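Let's take a walk through this model together. Have the sequence and the 3D view open while you read.

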Amino acid sequence: MSGCEDIESRRRFLKFAAGGAVGAMLIGGLPRIVRADDLPHVSDADPTAKALGYVEDATVSKDPKHKTGDTCANCQFYSGGPTGYGPCQLFLGKSVSAKGWCVSHTPKKA
Ligand code: SF4
């Protein structure tokens, strides 16, 4: 390896290292991204939940509007996974149960 190549490779390394340090600082300085798992679960006792007839388990709903098979997991306002909990546009900052249901249930568009 000639002296010129040595200097060039060191220069590239320093550039790379400096970029990495900046990247690390940016990541460290960004606010933590809130994951759905971190959101507090909506409870049946929540005033909005009561108003919407929300239940954590759709199978126990006594609301006449509830149709068998309708759950948060197949509602267009739900953006979580098929199990567990996920965000609902009607309960900002909280998560609802994939097995839950409320009167605002609207089937997901195919
Ligand atoms: S709007 Fe849909 S996702 Fe939200 S609580 Fe009601 S049924 Fe569940």
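What follows starts with the chain as a whole and then moves in to single residues.

First, some ground rules. This is a predicted model, where local features need pLDDT of at least 70, side-chain atom pairs count only at pLDDT 80 or more, and totals for chains, interfaces and linings use all residues. Residues are numbered from 1 along each chain, following the sequence as written.

The protein chain averages 81, and 66% of the residues score at least 70. Residues 16-29 fall below 50, and this stretch has zero contacts in the model beyond near neighbours in sequence. Two residues are in contact here if their C-beta atoms, placed from the backbone, lie within 7 Å.

Now for the layout. The protein chain has two helices and two strands, and from the N terminus they run α-α-β-β. Helices (H or I, at least four residues) and strands (E, at least two) are DSSP runs, numbered from the N terminus. Taking contacts with a separation of 6 or more, 61% join residues 24 or more positions apart.

What about the inside? A residue is buried if 20 or more other C-beta atoms lie within 10 Å of its own, exposed if 12 or fewer, and partly exposed in between, with C-beta atoms placed from the backbone. Of the 110 residues in the protein chain, 21% are buried. In soluble globular proteins, nonpolar side chains tend to be buried together. In this model the largest nonpolar core has 16 residues, and Val42, Tyr54, Cys72, Tyr78, Cys88, Val96 and Trp101 touch the most other members. Such a core is a set of buried Ala, Val, Leu, Ile, Met, Phe, Trp, Tyr and Cys residues joined through C-beta atoms within 7 Å. Take Val42: beyond its neighbours within four places in sequence, its contacts are Ala49, Tyr54, Phe91, Lys94, Ser95 and Val96.

Around it sit 13 residues, of which Cys72, Cys75, Tyr78, Cys88 and Cys102 come nearest. To be near, a residue needs its C-beta atom, placed from the backbone, within 6 Å of the molecule or strand in question. The shell holds ten nonpolar residues, three polar and no charged. For that count, Ala, Val, Leu, Ile, Met, Phe, Trp, Tyr, Cys and Pro are nonpolar, Asp, Glu, Lys and Arg are charged, and the others, Gly among them, are polar.

Stay with Cys88 for a moment. Its place is in the loop between β1 and β2 (95-97), and it counts as buried because it has 24 C-beta neighbours inside 10 Å. Leaving out neighbours within four places in sequence, Cys88 is in contact with Cys72, Phe77, Tyr78 and Val96. Gln89 is found in the loop between β1 and β2 as well, but with 11 other C-beta atoms within 10 Å, Gln89 is exposed.

Finally, look for Thr71, in the loop between α2 (47-51) and β1 (85-87). Thr71 has 20 C-beta neighbours inside 10 Å, so it counts as buried. Beyond four places in sequence, its contacts are Ala58, Ala98, Lys99, Gly100 and Trp101. Over in helix α2 you'll find Thr48, which counts as partly exposed because it has 13 such neighbours inside 10 Å.

Note on methods:
pLDDT = per-residue confidence, 0-100.
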